[in-house]
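Please work through the following exercises with the sequence and the model in view. Each task is followed by a worked solution.

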Amino acid sequence: MERFETARDAALSLRPDRPVYGFRPSVLKADAREFMAGFRGTTAYAVKTNDAPVILSALSEIGVSAFDVASPAEFEAARTANPQSDLYYMHPVKAQSDIRLALETYGIRRLAVDHEDEIAKILRIVRALDLDPADITLFVRLATKGHAAYELSKKFGAAPKHAVELVERIDRIGFRVGLTFHVGSQIEDLTTYERALATAAWVRSRVDAEIAALDIGGGFPARYGHDPKRRAPPPMPAIGDLLGNIHSEIEEWGLDDLPLIAEPGRVIVARSLSVITRVLLKKGQRVYINDGIWSSLSDAWTGKITLPARLIPDPARRAKRSTSEKLVPFKVCGATCDSVDILSRPFWLPENVDTGDWIEIGHIGAYSLSLRTRFNGFYPDTFVEIATPYEDEESGVEGFATMEPRGGMLSAGE
Ligand SMILES: *Cc1c(COP(=O)(O)O)cnc(C)c1O
């Protein structure tokens with residue numbers, strides 16, 4: 001991977017016409033270390049957030065040796081990065097053939113369930129492979145309610161009373177039992193974890209079975225930009241403080257004797273990647289760029305986060321004009337030939353942004369690469385390494401991309 005001091009250096013040296021990802025391994029490692037320093041348990045990185053080999057290898061290099069995985073491709077990606085890694089197969093609804101592969105080929109011994117039929121499915125394969133259930137921990141996924149930018153509790157999770165039945169059933173069979181929840185992604189309300197922990201404590205108090213571990217899932221908020229035209233949202237505590245609060249709650253609910261696991265994704269990778277896009281055409285208050293919702297920006301499109309964006313003017317085209325100090329909103333149209341591919345909120349950019357300029361969009365490490373499509377034949381896949389953190393690059397005027405939830409298909413919060 002070619003290495004540059006800054007994104008500007010990369011843009012001006014490569015003059016890319018296709019999107020280029022700016023990977024910042026030092027930022028990734030710092031953010032992962034910060035999480036691990038604050039969490040008193042096993043950090044199992046959620047592979048779906050970003051499964052790029054460079055990301056998984058960089059995490060392995062600094063000692064991340066557990067991964068939350070959901071599919072055979074993710075088992076393989078994690079083991080390629082770290083052959084000794086511990087895999088947590090936390091998808092509550094699994095294909096029978098995938099369970100077999102997990103148990104037999106990958107030696108996975110930790111799985112999540114939220115229904116009795118899933119337990120039966122796993123048990124059949126355990127018996128067929130002649131494994132001892134006592135070597136396997138089944139985590140009962142608890143349903144939770146709360147405020148996250150992305151609600152995930154509607155699809156998975158057992159209600160508390162049902163969870164009690166599941167725990168007892170798992171224990172009777174002879175498996176070890178854990179409890180787990182996943183509160184959604186980019187949680188906005190810290191009491192969400194408290195309520196989930198209260199549920200876990202309630203379930204534990206109702207069962208005779210011994211609980212072997214508690215997995216608190218992911219959802220920890222990453223730092224994004226904020227739209228200066230709007231009232232600042234209440235600041236999220238630093239991740240160390242947030243984890244400190246969660247540990248206090250774990251103690252208060254009497255769960256601190258349990259081995260803990262967390263499955264952070266976004267909070268670890270968001271800042272480690274940017275994308276350098278090019279303005280293909282400026283048409284009035286619109287800019288047409290060479291990326292979009294079908295490539296790197298689908299997470300942004302849902303309208304829940306504000307991404308930082310900076311203009312890198314093309315000196316070859318406008319040597320005499322400097323970047324304007326005035327930020328104005330531009331509608332951003334993506335690369336594909338459909339009218340869905342328009343970002344839901346404008347990018348605020350210097351008013352003299354022009355065709356041929358580059359726009360670096362920061363903090364796209366989470367749910368960007370993994371959600372790329374080949375729609376219309378566009379598939380960005382070029383990476384460069386950048387030494388300077390996005391925030392530390394001197395760039396004059398800072399723009400930002402902000403997205404407002406809009407109605408219609410696939411809009412957030414449905
Ligand atoms: C997606 C997912 C995660 C990671 O969520 P983040 O919000 O990115 O931290 C963790 N655990 C489970 C079960 C998930 O589905």
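**Exercise 1.** In which crossing, left-handed or right-handed, does H3 pass H4?

*Solution.* The model is predicted, with local features needing pLDDT of at least 70, side-chain atom pairs pLDDT 80 or more, and totals for chains, interfaces and linings using all residues. Residues are numbered from 1 along each chain as its sequence is written, and side-chain values use heavy atoms, without hydrogens and water.

Step 1. Locate the helices (DSSP runs of H or I, at least four residues, numbered from the N terminus): H3 spans residues 53-61 and H4 residues 72-81.

Step 2. Their axes (lines fitted to C-alpha atoms over the stretch in contact) are 8 Å apart, at an angle of about 50°.

Step 3. The crossing is right-handed: the near helix is turned clockwise from the far one by less than a right angle.

**Exercise 2.** Identify the residues through which H3 meets H4.

*Solution.* Contact means heavy atoms within 4.5 Å. On H3, Leu56, Ser57 and Ser60 take part; on H4, Ala77, Ala78 and Ala81. By class, this contact has four nonpolar, two polar and no charged residues; here Ala and Leu count as nonpolar.

**Exercise 3.** Find polar side-chain contacts of the ligand (N or O atoms within 3.5 Å).

*Solution.* Step 1. For ligand nitrogen, glutamate 263 has a polar side-chain atom at 2.6 Å, and aspartate 68 has a side-chain N or O atom at 3.2 Å.

Step 1. For ligand oxygen, a side-chain N or O atom of tyrosine 367 lies at 2.7 Å.

Notes
Polar contact = N/O pair within 3.5 Å; in protein donor to acceptor, adjacent residues only side chain to side chain. Axes fitted to C-alpha atoms, helices over the stretch in contact; angles between N-to-C directions. Helix = DSSP H or I, 4+ residues; strand = E, 2+ residues; numbered from the N terminus.
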